Amino acid sequence: MGTYIKNRFFRHSLLVFTGIPLLIWVTGNFQERSLLKESLCIITILAFWQMMGQFFWTRSSRTVLTNLKMSRVVNYHKFIGYICITILSLHPLYLVIPRCFEAGVAPVDAFFTIITTLNQGVVTGIIAWCLMLVLGITSFLRDKLPMTYKTWRLFHGILAMLFISTAVWHTIDLGRHANLSMSILISMLTAGGILLLLKTYTFKKSKK
Ligand code: HEM
Ligand code: HEM
């Protein structure tokens, strides 16, 4: 852990992908809700922001990743990837857990109402959820897949771009904390991550 804390890229990354969403949340003047609801929301938002950060914790950032071995970069990438996929795969349940402590619609009924209300926000959520699961499973079973490492990495990169674009659309559409500043930053960081990856691909091709 000490190696990461000493690293400037890690500290900047922590500031951008954890500090900024927390700052917007604290200063955002959002409608006050129960501690449980707000905690579940903030866990979802933080996990989502780390997902955007995944694009910068790869070989694409090699030139700025001084004093940090690529193996450590990839270890961090994998660790955050598995943790956040686990957190976000349960996010549809977080929406209804607070109902266990409230009178009114039962949690199970509320869950089915949400996932069967096929508006744009929910559909993009379901698509992002499926893409995220494929991303996690194909990462976990990488050695067992009938493709070379290079092909897998390309497949993983393309899947990550599709996933993050759908997840961003969903978050800006439905997120109660997605105010103007949050939405602009999310769009800029996602575009930055995708452009960085595309630059890695095109740069490699032109070098060949
Ligand atoms: C589930 C756990 C995950 C594992 C085990 C994993 C593993 C890896 C590995 C081993 C690499 C190659 C590292 C390199 O050469 O730089 C990689 C690259 C990459 N990963 Fe992940 N990853 C995971 C999740 C994610 C997620 C959630 C995203 C985005 C939302 C993501 C986006 C990327 C991108 C954009 C690359 C660069 C692809 C390339 O260089 O062609 N990964 N990942
Ligand atoms: C079955 C799939 C999904 C459903 C039904 C769903 C549903 C929802 C709903 C209803 C909201 C609004 C919550 C509220 O008003 O408090 C929301 C917000 C959000 N969702 Fe999803 N979602 C799904 C998948 C995903 C996935 C895969 C991600 C990320 C990768 C994600 C990230 C978010 C984020 C970041 C918010 C914003 C939270 C906030 O601003 O308070 N969702 N989702």
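**Exercise 1. Find which protein atoms hold the iron atom of ligand 1, and explain what the arrangement around the iron is called.**

*Step 1.* Look for the protein donors, meaning N, O and S atoms within 2.8 Å of the metal (3.2 Å for Na, K and Ca); water is not among the atoms, so sites may look incomplete. They are NE2 of His77 and NE2 of His156, lying 2.0 Å from the iron.

*Step 2.* His77 sits in helix α4 and His156 in helix α8 (residues 149-174), 79 residues apart, so the two link distant parts of the chain. Helices here are DSSP runs (H or I, at least four residues), numbered from the N terminus.

*Step 3.* Check the angles. Ideal angles for six octahedral donors are 90 or 180 degrees.

*Step 4.* Are His77 and His156 buried or exposed? Both are buried (under 20% relative accessible area, with a 1.4 Å probe and protein chains only).

A word on the model: it is predicted, local features need pLDDT of at least 70, side-chain atom pairs count only at pLDDT 80 or more, and totals for chains, interfaces and linings use all residues. Residues are numbered from 1 along each chain as its sequence is written, chains are lettered from A and ligands numbered from 1 in the order in which they are written, and side-chain values use heavy atoms, with hydrogens and water left out.

**Exercise 2. Describe the second largest pocket.**

*Step 1.* On a 1 Å grid over the protein atoms alone, a pocket is an open set of points with protein on both sides within 12 Å along at least five of seven lines, and lining residues have an atom within 4 Å of a point. This pocket has a volume of about 700 Å³, the space filled by probe spheres set on the points, which are joined across faces, edges and corners.

**Exercise 3. Describe the largest cavity.**

*Step 1.* A cavity is a set of points where a 1.4 Å probe fits but cannot get out. The largest one holds about 60 Å³ of space.

*Step 2.* Its lining includes Phe17, Trp57 and Tyr76, and α2 gives the most, with three residues.

Terms used
Four donors count as tetrahedral if all angles lie between 85 and 135 degrees; four count as square planar and six as octahedral if opposite donors are over 155 degrees apart and all others between 65 and 115; anything else is irregular. Buried means under 20% relative accessible area, exposed over 50%, partly exposed in between (1.4 Å probe, protein chains only).
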